[in-house]
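I opened the model today to look up its aromatic pairs, its fold and a few single residues. My entries follow in the order I made them.

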Amino acid sequence: MKKTNQPKTADVLITADRTLMSDHHGSEFLGFATCIPPYPLRTSISKSLFFPPIKNTQGIPRAAPYGLRKIEATLLKNGLDALVVDPDHLCRYLPNTKVLAISVMDPFGWGPASSTFMKILKKGDVFSSIFFKKILNSKEVKEAKENGLKILVGGPGVWEFKHAPEFVDKNGIDCVVNGEAELVLLEIIKQLVDDNGSDLPKFLDVPMASTPELEEIPEIIAPSINGLIEIGRGCPRGCKFCEVALRKLRWYPLDKVEKELIVNTKNGQLTGIMHAEDVLLYGVKGVNPDLDKLVPMFELFAKYYTKGTEWSHTSIAAVCACPKAVEKANELFIHGSSKPWFGVEIGIETGSPSLIKRAMPAKAKPFKAEEWPELVEKSLGILQDNSVVPACTLITGLPEEREDDIIKTLELLDDIKKYRALIVPLFFVPLGRLKDRDWFSAEETNDLQKELLKKCLANGIHWGRDLVRGYNKGHVYSPVVNRSLLAFINLLEFIGKRKHLV
Ligand code: SF4
């Protein structure tokens, strides 16, 4: 029989927007730039600088966001025909497919980082939103929709659709699934395909009873972007403004994680990201890190990712409670790595112990909330001594926040500016247990909050330059990317000076 180059198709196509289907040049920090509007750079420049397309073969990406890989594994394991496809190549596969499943992180730019940048810059939609809408508005999707295609949306950003029900109807989205979908996905797909989805609600909140147990979460079967692998789900700290705080805490056993490490390394991935809401709490039910549980997990990652491992998130309190864990990570992950430092996201949120008590009661545990500013400074010192660079979030505009809290945060910013860290300011967004509260609007920004934003910008310019100079060491394209990033920082500084912001 004559061979053709006709790409294979599948009943279910899984995709995500252009900003997510990227390795961000191997730096998750650059992923923050997908939360800005196309300003001051053009879209094409921003795309090549911050979210270049992941390599693909006939539209099938060589690596994909971890969440998509989990959906793919769930469907394939249960005998469904599913394929992960790059968003720019959907046209090849759509004509014969039945369901298009789109994973979203921030579909309207209303997430904390995007909405903050949108409100400050006032330049319209952010990249994550632009590229998500581009999928739905494409000629191919519209045509397929007319021919019966069903559209399913899931992922961490689906809460935004609850604020835009008319968008869901207008754009032919058949079902929006909010929560961990492993146990409900098959039934949803079955209903969409066999029964036209007529009995499905437009918004499906996965109930706690349908949250999968560890053994019900399948391992990925194809590589994840930047080698990211989850080691657990949930967080015990219970911050009022956080969706994750509402989820069940589970930690994966070593053998489960190892299976995914093998998938990634078999495909040539030698660096990776250990993902959890607080990596240093691996294996424990409370808030005291356990070195005996952590070290075997670190050693497992070091065995497979011989060129370095980063963490997705950890916490100020866990770093202070177990500095030895950070030292061990330095020993195992920096040695032999192509990078001079590794990054992690960490929540400072405020400098005010009083606000910590009111809105984030377990944030400082096992320490006291009163110690918060000292804990922040101590943890940044520990991280710096061990070549870990944190991207720290600060939240302002919380319903509980008073002027005195912001003054405490400003004082803290002065105390910590000597530490190598990026500080990302975020306006409050109603999520978690505060989901019914009012949004914070930029017009409400008072002088203290403006001062806070200025300090964060100055800090970002100062340390951004320092970090870019040493980043991506070893990649052939590093010099070009680094020069472009430095030029971008210079441009930000120029604009900031003209507007008297720095
Ligand atoms: S520590 Fe972070 S992940 Fe955990 S509840 Fe608080 S904000 Fe959420």
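I started at Tyr-305. Its relative accessible area is 1%, so Tyr-305 is buried (under 20% relative accessible area; exposed is over 50%, partly exposed in between; 1.4 Å probe, protein chains only). This is a predicted model: local features need pLDDT of at least 70, side-chain atom pairs count only at pLDDT 80 or more, and totals for chains, interfaces and linings use all residues. Residues are numbered from 1 along each chain as its sequence is written, and side-chain values use heavy atoms, with hydrogens and water left out.

**Aromatic pairs.** I counted 19 aromatic pairs in the structure. Rings of Phe, Tyr and Trp (its six-membered ring) pair if their centres lie within 6.5 Å; planes under 30 degrees apart are stacked, over 60 edge-to-face, the rest tilted. I looked up Phe-50 and Phe-488. Their ring centres are 5.2 Å apart and their planes stand at 75°, so this pair is edge-to-face. Phe-50 sits in helix α1 (residues 43-50) and Phe-488 in helix α17 (residues 478-498), so the pair ties together parts 438 residues apart in sequence. Helices here are DSSP runs (H or I, at least four residues), strands likewise (E, at least two), numbered from the N terminus. Both Phe-50 and Phe-488 are buried.

Then I went back to Tyr-305. Tyr-305 forms an edge-to-face pair with Phe-301, at 5.9 Å centre to centre and 65° between the planes. Phe-301 has a relative accessible area of 0%, so Phe-301 is buried.

I also noted one aromatic cluster: Phe-108, Trp-110, Phe-132, Trp-159, Phe-161, Phe-167 and Trp-439. Elsewhere, Lys-256 lies over the face of Tyr-252, 5.7 Å from the ring centre. For that I needed NZ of Lys or CZ of Arg within 6 Å of the ring centre and within 35 degrees of the ring normal.

**Asn-264.** Which helix holds Asn-264? I found Asn-264 in helix α9 (residues 254-266). Its relative accessibility is 0%, so Asn-264 counts as buried. Beyond residues up to four places away in sequence, Asn-264 touches Tyr-305 again, and also Ile-220, Pro-223, Ser-224, Gly-227, Leu-228, Ile-229 and Gln-269. Contact means heavy atoms within 4.5 Å.

**Lys-454.** Buried or partly exposed: which is Lys-454? At 31% relative accessible area, Lys-454 is partly exposed. Lys-454 belongs to helix α16 (residues 447-470). Leaving aside neighbours within four places in sequence, Lys-454 is in contact with His-500 and Leu-501.

**Sheet.** I traced an open sheet of four strands, ordered β14-β15-β16-β17, with parallel pairing. Its edge strands, β14 (313-314) and β17 (422-427), each pair on one side only. Two strands pair if DSSP finds at least two bridges between them. Strands β15 (residues 342-349) and β16 (residues 388-396) share seven bridges in the parallel sense. Gly-347 has Thr-393 in β16 as its bridge partner.

**Whole protein.** I logged 17 helices and 17 strands. Buried residues make up 57% of the 502 residues. The C-alpha atoms fill a box of roughly 70 × 50 × 50 Å along the principal axes. Among contacts between residues at least 6 apart in sequence, 81% join residues at least 24 apart.
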